Structures are given as structure tokens and as C-alpha cells.
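Open the model in your viewer and keep the sequence panel beside it. The tour goes from one selection to the next.

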Amino acid sequence: MSGRGVWLRARARLRRFPAVLAACGEQAAAYGRCVAAASAGNAELRRDACVREFWALRECCHRAAAATAK
């Protein structure tokens with residue numbers, strides 16, 4: 001049994017990634033700012049420190065991926 005189909009689907013998803021990320025630039029920047037602020041200085045990044053920003057980025061990526069798949 002060949003796994004060729006799996007790799008083809010994975011490559012197709014990866015080809016769409018730059019467009020998905022470009023569509024969510026604002027959310028990605030907000031998440032990056034939050035992570036940078038939460039881990040500034042000697043502070044350690046806690047698990048749920050930026051959960052709200054992460055979920056906003058995740059939802060945006062899902063919407064953008066669905067839009068580019070059509």
C-alpha cells in the first residue's frame with residue numbers, strides 16, 4: 001500500500017500556507033506581540049498566557065484555509 005496520496009495532500013496544504021498566513025497578518029502580529037511581552041525579561045512563558053490571541057489566529061487561519069481551498 002502506498003502513502004503517495006497522503007504526501008500529495010500534505011504538499012497541497014503546505015502550498016496554501018503562505019496565502020493563509022498572509023491573510024491573517026494582523027492576528028499573527030498580535031499573537032507575536034503577546035508572546036514577546038509575556039516572555040520579556042526573566043519571565044517564563046506560561047501555557048495560557050496568550051490563549052485569546054492564539055485562538056483568534058487559529059480561527060483566522062481556518063477561515064482563510066477554507067477560502068483558499070475553494
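In this tour, contact means heavy atoms within 4.5 Å. Keep in mind that the model is predicted.

**Stop 1: α1 against α3**

Select residues 4-23, helix α1, and residues 51-69, helix α3. Their axes come within 9 Å. They cross at roughly 130 degrees. That angle makes α1 oblique to α3, because roughly antiparallel begins only over 145 degrees. The crossing of these two helices is right-handed.

Now show side chains at the contact. From α1, pick Arg16, Ala19, Val20 and Ala23. From α3, pick Cys60, Cys61, Ala64, Ala65, Thr68 and Ala69. Colour the contact of α1 with α3 by residue class: eight residues are nonpolar, one is polar and one is charged.

**Stop 2: Arg15**

Stay on helix α1 and select Arg15. Is Arg15 buried or exposed? Arg15 has 62% relative accessibility, so it counts as exposed. Draw a distance from its C-alpha to that of Gly3.

**Stop 3: α2 against α3**

Next, select helix α2, residues 25-38, and keep α3 on screen. What angle do α2 and α3 make where they pack? The angle is about 155 degrees, and the axes lie 9 Å apart. The pair is therefore roughly antiparallel. Check the hand as well: α2 passes α3 in a left-handed crossing.

Which residues meet here, between α2 and α3? On the α2 side, select Gln27, Ala28, Ala30, Tyr31 and Cys34. On the α3 side, select Glu53, Phe54, Ala56, Leu57 and Cys60. The contact of α2 with α3 divides into eight nonpolar residues, one polar and one charged. Cys60 is worth a label: it meets α1 residues, and it also belongs to the contact with α2.

**Stop 4: Glu53**

Zoom in on Glu53, in helix α3. Its relative accessibility is 19%, so Glu53 counts as buried; the cut-off for buried is under 20%. Which residues does Glu53 touch, once its neighbours within four places in sequence are left aside? They are Ala30, Tyr31 and Cys34. Those three residues are in the α2 side of the contact with α3.

**Stop 5: the aromatic cluster**

Select Tyr31, Phe54 and Trp55, which form one aromatic cluster. The structure holds two aromatic pairs. Look at Phe54 with Trp55: the ring centres are 6.0 Å apart and the planes stand at 80 degrees, so this pair is edge-to-face. Phe54 is partly exposed, with a relative accessible area of 36%. Trp55 also counts as partly exposed, at 43% relative accessibility.

**Stop 6: Ala43**

Finish in the loop between α2 and α3, where you will find Ala43. Ala43 has a relative accessible area of 41%, so it is partly exposed. Now go back to Arg16, one of the α1 residues that meet α3.

Terms used:
Residues numbered from 1 in each chain as written. Predicted model: local features only at pLDDT ≥ 70, side-chain atom pairs only at ≥ 80, totals over all residues. Heavy atoms only, no water. Axes fitted to C-alpha atoms, helices over the stretch in contact; angles between N-to-C directions. Helix = DSSP H or I, 4+ residues; strand = E, 2+ residues; numbered from the N terminus. Parallel < 35°, antiparallel > 145°, perpendicular 65-115°, else oblique. Left-handed = near helix turned anticlockwise from the far one by under 90°. Nonpolar A, V, L, I, M, F, W, Y, C, P; charged D, E, K, R; others polar. Buried < 20%, exposed > 50% of the residue type's maximum accessible area, 1.4 Å probe, protein only. Phe/Tyr/Trp six-rings, centres within 6.5 Å; stacked < 30°, edge-to-face > 60°.
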